[in-house]
Amino acid sequence: RLDPAHYTFRVGYRPGAPQSLADWQTETGALLVVNGGFFTPEFTATGLIVVDDVADGVSYEGFGGMFAVTENGPEVWALATRPYTSDLGVVQGVQAFPMLVDGGAAAYTDAGDLPARRTAVGLDGNGRVLFIVAVRGPFTLAAFSRFLANADLGLATALNLDGAGSTGLVVQPGLQQRPLLEIPAFSRLPVVITAHEVDVP
């Protein structure tokens, strides 16, 4: 759970040239690296990616959601109610699906998918960014949605990121004052979300 007053968030994207989370961390020097959204067998994102104000790919329409950094700070929203447009001022962004929590309530109820490792990014009522990785006792998406909405996390919104073999997280000791936390993804990843300490003048 990270306060945007102290941390900035970026998206890393290497279409066709995926890397391990450890390599992403080494390259970016980030305090936290987590897997991003879905990608094709050719390691290109299936939704829109925005890196340093430059958009790549095609936005999902009518479904899914977006984690974005704008002039207002980090945001998570449903694309069905707020479609992506270039005038939204997104500087960093990644799209995925489905929305798991919206308006503080469970947002996904469809049954049928199999339990898997899961990753989510969300915002609580105080605007803090939460990165949630579930690797033990895998969830279906509907169960993950219910869990996040009912847990004592205060989530206002939460977006499912790529799961299963893509789920992974690296947290450096400087972020949590504990030893290195590394949950390796089973797959190399072309897209990640990173967190960095705010530069103080």
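**Strand pairing, burial and packing**

Reply: Strand β5 and strand β6 (residues 73-78) run antiparallel and are joined by six bridges. The model is a predicted one.

Me: What makes β5 and β6 a pair?

Reply: Two strands pair if at least two bridges are found between them. Six bridges join β5 to β6, so the two strands are paired under that definition. Within this pairing, Ala-68 stands opposite Glu-75 in β6, and a hairpin of two residues connects β5 to β6.

Me: How do you know that β5 also pairs with β7?

Reply: Five bridges join β5 to strand β7 (residues 92-96), and the definition asks for at least two, so this is a pair as well. The strands run antiparallel, and Gly-65 has Ala-96 as its bridge partner in β7.

Me: Why is strand β5 called largely enclosed?

Reply: Buried means under 20% relative accessible area. Six of the six residues of β5 (residues 65-70) are buried, so the strand is largely enclosed by the rest of the structure. Gly-65, Phe-67 and Val-69 point one way, while Met-66, Ala-68 and Thr-70 point the other way.

Me: What makes β1 and β14 edge strands?

Reply: Five strands form an open sheet in the order β1-β15-β2-β13-β14, with antiparallel pairing. The strands β1 (7-13) and β14 (181-183) each pair on one side only, and they are the edge strands.

Me: Which strands do the buried residues of α2 pack against?

Reply: They pack against β8 (99-102), β9 (105-106), β10 (116-124), β11 (129-139) and β12 (155-160). Among the buried residues of α2 (residues 141-150) are Leu-141, Phe-144 and Leu-148.

Notes
Residues are numbered from 1 along each chain as its sequence is written. This is a predicted model: local features need pLDDT of at least 70, side-chain atom pairs count only at pLDDT 80 or more; totals for chains, interfaces and linings use all residues. Side-chain values use heavy atoms; hydrogens and water are left out. Buried means under 20% relative accessible area, exposed over 50%, partly exposed in between (1.4 Å probe, protein chains only). Helices (H or I, at least four residues) and strands (E, at least two) are DSSP runs, numbered from the N terminus. Contact means heavy atoms within 4.5 Å.
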